Amino acid sequence: MTRPPKPKPLLQDADKPVRSRPRKPRDPAQPNLPLDPMPDRIEPCLALLKAKPPKGDGWVYEIKWDGYRLSVHIEPTGIRILTRGGHDWTDRFPAIKQAALWFPVGTAILDGEAVVLDEQGRSDFGLLQQSLGGRGGKKVSSDAIFMAFDLLYFDGHDLRNSALDMRRHLLEDLVPAGEQGDIRLSEQIEADGDQLLASACEHGLEGIIAKRRDAPYRSGRLGDWLKIKCVQSDSFFVVGYERSTAARRQIASLLLAARTGDGLVYVGSVGTGFKESDVSELRGMMDKITRKTPPLPYSGARKNVVWLQPTLIAEIEYRAWTDDGKLRHASYKGLREVQDNAAVYEIV
């Protein structure tokens with residue numbers, strides 16, 4: 001007669017606590033689970049300008065924010081906030097830094113935009129400039145918030161090869177929708193692109209961003225992200241200014257230039273959009289970079305022009321281009337920072 005099997009300890013004595021097998025000490029030669037090294041800096045993915053939203057289910061949309069592109073690095077040693085050009089602006093955004101310190105994560109890199117919102121909740125580039133003390137200013141901005149729209153690194157894992165849908169899933173766990181802190185989620189919108197653009201323009205927003213939902217994160221302007229604007233807005237060199245005859249030290253208009261090959265080409269002037277503080281700030285900077293001759297070919301008939309070294313970059317809003325290559329209905333929005341790595345408009 002065969003013996004019955006010996007009962008297992010769990011069934012043998014119900015009152016006896018169940019204990020796991022004692023764990024052996026870890027062998028120092030045994031490798032750890034593989035983790036991706038944390039990048040020191042990631043070149044941002046940039047949106048390609050298009051006239052109309054794309055069609056199809058493969059695209060998702062967000063509101064286009066008008067501010068400074070930043071990456072927030074949550075590292076074991078602390079927080080770093082880098083501009084698009086790679087400059088460290090951690091100390092200029094203390095509220096964003098503090099919010100990042102509270103995040104329940106060991107390591108992460110968030111991609112997003114620092115903005116200042118107006119009374120209607122719209123991002124306002126001019127208000128952001130004022131909060132930072134203007135171009136070249138060193139003020140600390142307590143008003144700026146960070147609108148996070150991508151997650152590139154998370155708890156030891158590089159997410160750049162993952163699809164946008166996966167990166168957004170993790171980002172939304174980290175930055176829940178609807179929270180009103182100093183780091184907020186730039187929410188994705190499932191909608192018809194044409195209808196969303198019309199609604200954005202109706203509410204006075206700058207435009208929308210379209211993103212391929214299955215695309216990895218690729219640095220540069222490769223077409224995975226598209227921007228569709230309600231009005232055109234681009235960066236141009238300030239190559240001179242026309243003195244106003246109405247008041248001393250006033251500016252009648254700024255003369256603007258775009259890139260073309262290795263040189264510059266005159267694209268017209270802007271004489272609206274200036275606040276009193278803008279005029280004072282501009283004159284203070286322009287008086288230091290005057291020159292006797294134009295820095296580009298110029299055959300215009302403007303009088304009282306003071307020519308400048310092409311070092312200042314202005315953000316200009318405009319409606320269209322004229323047939324002779326000049327900006328139509330241009331309006332001044334502010335000066336771009338060198339650290340923002342602003343791309344001057346190039347005429348191909």
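**Group meeting talk: a walk through the model**

Let's start in a loop. Asp155 sits in the loop between strand S6 and strand S7, the latter covering residues 157–158. Keep in mind that this is a predicted model. Some background here. Most residues other than glycine have a negative phi. Is Asp155 buried, partly exposed or exposed? Its relative accessibility is 38%, so Asp155 counts as partly exposed, the class between 20% and 50%.

Now go to His329. Phi of His329 is also positive, near 55°, and His329 is not a glycine either. Where is it? His329 lies in the loop between strand S18 (327–328) and strand S19 (331–335). His329 is exposed, because its relative accessible area is 59% and the cut-off is over 50%.

Next, the whole chain. The protein chain has 348 residues, and 46% of them count as buried. Its secondary structure comes to six helices and 19 strands. How about contacts? Take those between residues at least 6 apart in sequence: 68% of them join residues at least 24 apart. The accessible surface is about 19400 Å². Carbon and sulfur atoms hold 50% of that surface.

H2 runs over residues 94–101. Which of its residues are buried? They are Ala95, Ile96, Ala99 and Ala100. These residues cover an arc of only 135° around the axis, so they sit on the same side of H2. The background is simple. An α-helix has 3.6 residues a turn, so residues three or four places apart point the same way. What covers the buried residues of H2? The cover includes strand S3 (68–75) and strand S4 (78–83). Strand S6 (145–154) and strand S8 (183–185) are also part of that cover.

The structure holds one cavity of 30 Å³ or more. The largest cavity has about 100 Å³ of space. Its lining is made of 14 residues. Nearest its centre are Ile42, Pro44, Leu70, Ser71 and Thr83. Which elements give two or more residues to this lining? They are S3, S4 and strand S5 (108–115). S3 gives the most, with four residues.

On to the largest pocket. It has about 890 Å³ of space. There are 34 residues in its lining. Which lie nearest the centre? Those are Ala47, Lys64, Arg84, Arg221 and Lys227. Several elements give two or more residues to the pocket lining, and S3 is one of them. The others are strand S1 (48–49), strand S2 (59–63), strand S9 (207–212), S10 and S11.

Now the cysteines. How many disulfides does the structure hold? It holds one. A disulfide is a covalent bond between the sulfur atoms of two cysteines. Here the partners are Cys201 and Cys230, with their sulfur atoms 2.1 Å apart. The cut-off for a disulfide is within 2.5 Å, so this pair qualifies. The angle about the S-S bond is -100°, and the link is left-handed. The pair links distant parts of the chain, 29 residues apart. Cys201 is in helix H5 (residues 193–202). Cys230 is in the loop between strand S10 (225–229) and strand S11 (232–243). Then look at Cys45. Its relative accessibility is 2%, under the 20% cut-off, so Cys45 counts as buried.

Last stop: Leu254. Leu254 is in strand S12, residues 251–260. Buried or exposed? At 0% relative accessibility, Leu254 counts as buried, because the cut-off is under 20%. What is in contact with it, leaving aside its neighbours within four places in sequence? The list holds Val238, Gly240 and Tyr241. It also holds Gly268, Ser269, Val270 and Phe274. Leu282, Met286 and Tyr332 complete the list. Take Leu282 from that list. Leu254 and Leu282 are 28 residues apart in sequence. In space they are 9.9 Å apart, C-alpha to C-alpha.

Methods
Residues numbered from 1 in each chain as written. Predicted model: local features only at pLDDT ≥ 70, side-chain atom pairs only at ≥ 80, totals over all residues. Heavy atoms only, no water. Buried < 20%, exposed > 50% of the residue type's maximum accessible area, 1.4 Å probe, protein only. Contact = heavy atoms within 4.5 Å. Areas by Shrake-Rupley, 256 points an atom, 1.4 Å probe, with all protein chains shown as cover. Arc of directions from axis to C-beta. 1 Å grid on protein atoms, 1.4 Å probe; cavity = no way out; pocket = protein on both sides within 12 Å on 5 of 7 lines; lining within 4 Å. Points joined across faces, edges and corners; volume = space filled by probe spheres on them.
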